[in-house]
Amino acid sequence: MYNTEEKQEVIRKRAGASFLRLTPLTVKVLIMVGLVVTLIWPLLDYYQSKRLKEVFLSQLSKKLKYQAHHGRIELDSYIKRYHQAVKVFTVLESFIAYLNSMEGREEEEPPLIYDQPPPWYPRRTIARSFVLPRFAILINDRGKVLEIYRTRQEEIPDSLINPDAIILQLSIDQNYMTTLNGQPFLLTSKRTAATKSGESYVLMLASPLDQEFLVRALGHHDQEQRVALITGENPYILASNNPDKLTKGALLNDLEDKFLIEGKSFFDYGSSDLMLQFVSFIPLDEVRIMTEEMLSSNRQRSAVVVFVIVVALLQIMGWITHRIAILTKLVMGFSEEILGKKMEGNLRGDKLFILEQRFSELIEDVISSRKGMEKKAIELQKAKDELEDKVTERTKELSSTNVQLLTEVRERKKAERKIEFNYNVQRVISSVLRVSLEQTTLKKLLERTIDFIKSVPEISFKSNCAIFITDEGGDRDGENNRHLILKAESGFDSSLIEKCSIVPFGKCLCGKAALSGEIVFVDRVDHKHEPLSDSAPDHGHYCVPIKSGDNVTGVIAIYLEKGHIRNPMEEDFLQSLADTLAGIIERKRIEAELNASNELFQTLIDNIPDSIYFKDMENRFVKVNRAKAVNSSTTIDDMTGKTDYDYLPDDQAEGAFKDDDLVKETGQPIIDKVERISHKEGIEKWVSVVKIPWYGKNREIIGTIGISRDISKLKATEDKLRDSEQKLKYLAHHDALTGLPNRLLFNDRIKQVLSYSRRNNKMFAVMFLDLDHFKDINDTLGHDAGDDLLKEVAERLKGCVRGSDTVARQGGDEFIVLLIDINGIDVVKLVAGKIVELLSKSFTLKGEERFISTSIGISVFPDNGDDVEELVKKADIALYDAKSKGRKNYKFYKAGDR
């Protein structure tokens, strides 16, 4: 028997068992799922959200880096178009024709500024469709800006109106970036061939690196892509495609707490003085919003998945419960119909408990009915197989999707590696070009080039590398006599250096590449590779010929790991490097030839009769030729280190200093300046001086070069010729006796007055006069007295008119007076009366007092005619009318007079 406590415990256990039996299985599953979701869901959400944020930020950073790299390539491509465009512009027929028509343009004239396309600027070309410079500048070969075309109304930078020598030098045949008036500019120029007059010109395209330039270069992009150009040690924004948020001049450090900044891409352009960075931005606010949206969306998807799972579980449990209920009924029916035993019980509650109870009761009967159970087992196995087939099919679909995703990821990584590789290739090429501009030997340049080659991480080269140069002493027409000389190497031991120091064309892999002019590749050395070195392990080879045109100037030999697979990207890189080295080697050889000719040049200038001298930045003589020392009455050694103040008077030395400083400041030459030089010894000479800038190795001005020629004899001859020409010119247009203008000069002046009066609707008068009884003076006193009388008459006539009027002698005793710009006839009458009165006064001739008079005929423009001959003729007619009416008077021409 149980005590009270034991009874209570049995009752609790039975109550619990009763509860479990009466509670449906679906409810139990729901309670269990609810507990799991409540306890585990927050923890899973925390770790899942954290991981999603990390993955999202990582992908976002990669996207920004890709945008920066891609944008940098597009910008680089757009900048290169300027170089292509200026080449197209300078070969257009319209441009060349305009340059040929510019002969005689005065350099002192200020530049012409066009706001509309000038005649020399192309209106329809392919280049105009993808390049829009802000300014196009036409410059002569002396650096003088002649014409400027601006595409919009804005101020032109002073450095473009007066470009210095550095800008002109560094922008020709390449893109050059620099800062003008605080604004970064892209400059590109091209020098034309000589025109018909022998002059050459430079066409420069200039465009500021601003927002408009950036948008043009990148094209129409989604506004969500925010990019900018930045520069400086403390980087700041030069231009952006979103100026509202990325303002010009904003410091990059100040934006780090507002934007996610990724994908910095550094690049420069040869000798440009700007280092630019291309950066991609996205606001942190947008990053947070996108992150929250992503997490919210992920939670929603997770909730949907959980909901679907719960619903699926309920459906599965419902199906299982339904199947259990059917099975219970079958068992009960089986028991009643087959075994004859009727089962009773409450079917509500957990049917699984009920079924367990029924099976416990019929376990013995079920064993005897195994065939039926086996049939059910077969059906269940079939259902299981069908379910497994469905699972297998779904797994295949998911596998296919995963393969596609992996393929896309692999292609994207491949594209990113290619972009990175191209950037490194461009960096190597740029570095080689930059080093080539330094004052270094060819050997040092090639050694640096090998270091640059090994710095490309994407190329699996071994440390062994060599560059050969073609022996110039070989016979170019006989290829078998040509050799490759080892100029630079890395990783070679002494025995290999000795064996490879000279390689004939056609021998070994390097010689075969030189002979064929094609790239030679092997994945491991064989009998073709000679000489073999015991110290060199088994390896592969790239042998790339360096070609200048059809001529092989060298070979690049790269060692590879044994079994290396041939890669087109590697070959393209090596070919680009070889093409770059070809131009550099050719230039270095030309420099060597120039150095060899310096000695010949020195001999030449010492034998030139003109004075030649070189001055440093302090205007001290650095080098002079023999003629300069002799003309300065000293020696070459004595002049070195001295200045013009040691040989010339102070005022002339000061003038020479000013000219030297002007040439150094402007970079413009002084051509054929004529000066009078007085040496301190008292010798005076006239010299013609030419001064030009003296450029150093780095193309900076380091002084001046002068050439002076003694033109004293030429100057004296020119002065005599000038005096003779002036005298002949005067005699050709003036009367030898009176000094008055003669008929030729008078006709020229009256034509000018006629043209002026027609344009301005002015009046002028022609007065024709001669002296009455002049013949009596010649007959009684002689021709000398007549000449004196004519001179005195000329003086009195000049006193009767204005300085702007003209008094001329027609011949004999005839004179003609031209009165211009008169207001009416009364003015003419006043002058004519004054002349008659003044010439009626006595003349003293050979001590005797004599009297004469004059008669005057007058015609007026436009009343009496509209051309010179008609006006003079009518004045002559009026003169004879005055003589016929008593002389000593004046008459105006009237219609009808003959």
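# A tour of the model, stop by stop

Start by selecting Gly517: this residue follows helix α12 and has a positive phi, near 75°. Helices here are DSSP runs of H or I with at least four residues, strands are runs of E with at least two, and both are numbered from the N terminus. Now colour α12 itself, residues 508-516. Its buried residues are Cys508, Leu509, Cys510, Gly511, Ala513 and Ala514. Buried means under 20% relative accessible area, exposed means over 50%, and partly exposed is in between (1.4 Å probe, protein chains only).

Before moving on, a word on what you're looking at. This is a predicted model, where local features need pLDDT of at least 70, side-chain atom pairs count only at pLDDT 80 or more, and totals for chains, interfaces and linings use all residues. Residues are numbered from 1 along each chain as its sequence is written, and side-chain values use heavy atoms, with hydrogens and water left out.

**Zoom out**

Show the whole protein chain as a cartoon: you get 22 helices and 28 strands. Of its 898 residues, 41% are buried. Contact means heavy atoms within 4.5 Å. Among the chain's contacts with a separation of 6 or more, 59% are between residues 24 or more positions apart.

**The loop between α17 and α18**

Next, find α17 (712-733) and α18 (743-760), and click on Asp735 in the loop between them. Is Asp735 buried or exposed? Asp735 is buried, at 15% relative accessible area.

Show its side chain and look for polar contacts. These are pairs of N or O atoms within 3.5 Å; within protein, one must be able to donate a hydrogen and the other to accept it, and residues adjacent in sequence count only if both atoms are side-chain atoms. The Asp735 side chain makes one with the side chain of Thr738, at 2.8 Å. Another, at 3.1 Å, links the side chains of Asp735 and Arg809. Skip the neighbours within four places in sequence, and Asp735 is in contact with Leu740, Pro741, Asn742 and Arg809.

Stay in this loop and pick His734. With 19% relative accessibility, His734 counts as buried. Which residues does His734 touch, not counting those up to four places away in sequence? They are Gly739, Leu740, Pro741, Asn742 and Leu745.

Gly739 sits in the loop between α17 and α18 too, and at 27% relative accessibility it counts as partly exposed. Leaving out residues up to four places away, Gly739 touches Tyr730 and His734. Try the distance tool from Gly739 to Ala808: they are 69 residues apart in sequence and 9.0 Å apart in space, C-alpha to C-alpha.

**Two helices in contact**

Select helix α19 (residues 774-781) and helix α20 (residues 783-800), which pack at about 140° with their axes 6 Å apart. Axes are lines fitted to C-alpha atoms, for helices over the stretch in contact, and angles run from 0 to 180 degrees between N-to-C directions. That makes α19 oblique to α20: angles under 35 degrees count as roughly parallel, over 145 as roughly antiparallel, 65 to 115 as roughly perpendicular and the rest as oblique.

Rings of Phe, Tyr and Trp (its six-membered ring) pair if their centres lie within 6.5 Å; planes under 30 degrees apart count as stacked, over 60 as edge-to-face and the rest as tilted. By this rule there are 16 aromatic pairs. Go to Tyr78 and Tyr82: their ring centres are 5.7 Å apart and their planes are at 80°, so this pair is edge-to-face. Both lie in helix α2 (residues 25-90), four residues apart, about one turn of the helix. Tyr78 is buried at 2%, and Tyr82 is buried at 0%.

Now jump to Tyr890 and Phe892, with centres 6.2 Å apart and planes at 85°, so they are edge-to-face. Tyr890 is partly exposed at 27%, whereas Phe892 is buried at 18%.

For a last stop, select Phe89, Phe95, Trp120, Tyr121 and Tyr149, a cluster linked by ring pairs.
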